[in-house]
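Biologist: Could you bring up the model, please? I'd like to go through its charged side chains with you.

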Amino acid sequence: MPFAVRIAYVETPDAESLGVRRQFGAGLFRRLLDERFGAGVGRVETAESGQPLVTGVAEPAFVSLTHTRRVVAAAFAAARVGVDAEPRDRVASQPALLARVCSASELRWLERQSESQRNEA
């Protein structure tokens, strides 16, 4: 039976190294696998492309990982899934980026907002 997307995250001290953030990510993947399949079932490996790949489970399972200096997050689902984290103070002002991630109605709404409101959104 298909299962919903599950997301787990942890806040980390700003000083944590990339290696430590990867360890947090591995722990989040393990927690999500254990919740779905039971303790120790399945593993997350790295595909040749660099994408995380779930192996050793009887049904399709997909994972995604993201991290910033302060947050590590993992997503898990029965279909391809992606998760992304950005610092709250990061301003997405590039029109090409907004056009890629926003619908036409969202872009129209953003155009009607002041600069500070757009940055907050």
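Modeller: Let me begin with Arg-31, which is partly exposed at a relative accessible area of 40%, where partly exposed lies between buried (under 20% relative accessible area) and exposed (over 50%), using a 1.4 Å probe and protein chains only. Please keep in mind that this is a predicted model, in which local features need pLDDT of at least 70 and side-chain atom pairs count only at pLDDT 80 or more, while totals for chains, interfaces and linings use all residues. Residues are numbered from 1 along each chain as its sequence is written, and side-chain values use heavy atoms, with hydrogens and water left out.

Biologist: OK, and which side chain does Arg-31 meet in a salt bridge?

Modeller: Arg-31 meets Glu-35 at 3.6 Å, N to O, a salt bridge being a side-chain nitrogen of Lys or Arg within 4 Å of a carboxyl oxygen of Asp or Glu. Both residues lie in helix H1, four residues apart, which is about one turn of the helix. Through shared partners, salt bridges join Arg-6, Arg-31 and Glu-35 into one network.

Biologist: Where does Arg-6 lie, then?

Modeller: Arg-6 lies in strand S1 (residues 6-11) and Glu-35 in helix H1 (residues 18-37), so their pair ties together parts 29 residues apart in sequence; helices (H or I, at least four residues) and strands (E, at least two) are DSSP runs, numbered from the N terminus. The closest N and O atoms of Arg-6 and Glu-35 are 2.6 Å apart.

Biologist: Changing topic, how many salt bridges does the structure hold?

Modeller: There are five, including one between Arg-30 and Asp-34 at 2.8 Å, N to O.
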